Amino acid sequence: MTQNPPSLRPDLAPSAKLPDAARPGQPRIGMVSLGCPKALVDSERILTRLRAEGYGISPDYNGADAVVVNTCGFLDSAKAESLDAIGEALQENGKVIVTGCLGAEPDYIREHHPNILAVTGPHQYEQVLDAVHSAVPPSPDPFVDLLPASGVSLTPRHYSYLKISEGCNHKCKFCIIPDMRGRLASRPAHAVLREAEKLVENGVKELLVISQDTSAYGLDRKYDVNPWKDGEVRSHITDLSREMGKLGAWVRLHYVYPYPSVRELIPLMADPENGILPYLDIPFQHAHPDVLKRMARPAAGAKTLDEIAAWRAQCPDITLRSTFIVGYPGETEEEFQTLLDWMDEAQLDRVGCFQYENVDGARSNALPDHVPSEVKQERWDRFMEKAQAISEAKLEAKVGTRMDVIVDEIDEDAATCRTKADAPEIDGNLFIDEGFENLSVGDIVSVTVDEAGEYDLWGVLDR
């Protein structure tokens, strides 16, 4: 049983859980999936296509005929992690195909690892398949190699990420994701809903909706109308959420910008008959207007506080999660203090924070007055101390309350669960350490909270 660490990087997804079933003689491909949940979905799609062509999936280097490394390029530290992963795969296996966000910089990768077989950019599935075919020709057995109806999942069976769009139209100066993944490209509403319905039919209890900008979903499609069931549905986040909330699963929205249109989602979250969880993951990044302007962010701290108050008035149980950058170029002590004061007012439930890093190609690199590393560390420490105190007080207030939780893992000591306020691996947990023996992973059960920590809760099963 482990407690949730407070310093998780916001660009990371849960660790991929690779299946290990393969028939004798079947060509096997390994997968190393780095980066955010959007990249994890890309990895699932690649493996699903490979599985359909007769490849097995290897959970280790030794059992793989080749390895695909799905990389991250979000920060320089993420690039370094990706290069290390490529190097390890080369050392342990030798046949390595690179894809993902860092794959948009093939010369940079080959400069460090010239012996890789191929490099492709993000969501270039066909090119990845071509590279695998060249390295390890397929050898399907049509009587054995049947693709499961649910495809290949790299997450536990009871929850799944659901990507509704690619790309982003924002021009945030610290981010190069739009350069790597392109402009906003939304999937048709009926295609998203069909996938969501199929996931729920196959046992998924929680849908984690992801994109680069969830609240902008459908803008590029001019919110076109799509046939769905016996009616129609717009490619709009409100319509999409309303329909997903009818499927019988928890639905959690990630990466939502605080546009005025978000107000339309709050009544759905307040409706106990709708599956849209009262949870918003909003990347505020900062609160001082001058810092936000230097970031080229589409938000303002003061207006955001008004929005938060309006959301809570409509839906008192709403959980707000966000990420922030400290030490952005030019950030003064006064601007940082404004962020701390804003945190006191906003009282966000879940908070992640990372220290600014230059990223090759980002416009923020050219900004003046970069903050020394020791100052960034000191501000990060102060920010996290503030966030931790807020979290601890909010969780203490939940002691004695009843709530539904979903079971993620069971070992000999406890059942590790999550409340509606907790996304997998980035938020806290609720532990049940007595009377959990008859629970199963994926169960949704009612508990009474009897203890609180800084980031986690403990509870007893309601009988």
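## How to read the values

Residues are numbered from 1 along each chain as its sequence is written, and side-chain values use heavy atoms, with hydrogens and water left out. Because the model is predicted, local features need pLDDT of at least 70 and side-chain atom pairs count only at pLDDT 80 or more, while totals for chains, interfaces and linings use all residues.

Helices (H or I, at least four residues) and strands (E, at least two) are DSSP runs, numbered from the N terminus. Two strands pair if DSSP finds at least two bridges between them.

## The open parallel sheet

Let us start with the open sheet. Six strands make it up in the order β6-β9-β12-β13-β14-β15, with parallel pairing. β6 and β15 (350-355) are the edge strands, each with a single partner, so one side of each has no neighbour in the sheet. From one strand to the next the twist averages 20° (axes are lines fitted to C-alpha atoms, for helices over the stretch in contact, and angles run from 0 to 180 degrees between N-to-C directions).

How many of the residues of β6 are buried? For strand β6 (residues 159-163) the count is five of five, where buried means under 20% relative accessible area, exposed over 50%, and partly exposed in between (1.4 Å probe, protein chains only). In a regular strand the side chains alternate between the two faces of the sheet. Here Tyr159, Tyr161 and Lys163 point one way from β6, and Ser160 and Leu162 point the other way. β6 runs parallel to strand β9 (residues 206-210), joined by five bridges, and Lys163 has Ile210 of β9 as its bridge partner. Further along, two bridges connect strand β12 (residues 250-253) with β13, again in parallel, and Val251 stands opposite Ile276 in β13.

## A hairpin and two positive phi values

Strands β10 (residues 225-228) and β11 (residues 231-234) run antiparallel and share four bridges, with Asn226 opposite Val233 in β11. Together β10 and β11 form a hairpin with two residues between them.

Most residues other than glycine have a negative phi. Lys222, in the loop between β9 and β10, also has a positive phi, of about 55°, although it is not a glycine. Lys222 is exposed, with a relative accessible area of 72%.

## Buried spots

Ser43 sits in helix α1 (residues 37-52) and is buried, with a relative accessible area of 0%. The Ser43 side chain makes a polar contact with the side chain of Ser33 at 2.7 Å. (A polar contact is a pair of N or O atoms within 3.5 Å; within protein, one must be able to donate a hydrogen and the other to accept it, and residues adjacent in sequence count only if both atoms are side-chain atoms.)

Helix α7 (residues 237-244) is largely enclosed by the rest of the structure, because seven of its eight residues are buried; among them are Ile237, Leu240 and Met244. Gly167, in the loop between β7 (165-166) and α5 (177-181), is buried too, at 3% relative accessible area. Gly167 and Ser211 are 44 residues apart in sequence and 7.7 Å apart in space, C-alpha to C-alpha.

## The largest pocket

The largest pocket holds about 730 Å³ of space. On a 1 Å grid over the protein atoms alone, a cavity is a set of points where a 1.4 Å probe fits but cannot get out, and a pocket is an open set with protein on both sides within 12 Å along at least five of seven lines; lining residues have an atom within 4 Å of a point. Grid points are joined across faces, edges and corners, and a volume is the space filled by probe spheres set on the points.

Which residues lie nearest the centre of the largest pocket? They are Pro278, Asp317, Met403, Lys420 and Ala421, out of a lining of 30 residues. The elements giving two or more residues to this lining are α8 (266-270), β13 (276-281), β16 (402-410) and β19 (444-452). By type, the lining divides into 14 nonpolar, seven polar and nine charged residues (Ala, Val, Leu, Ile, Met, Phe, Trp, Tyr, Cys and Pro count as nonpolar, Asp, Glu, Lys and Arg as charged, and the others, Gly among them, as polar).
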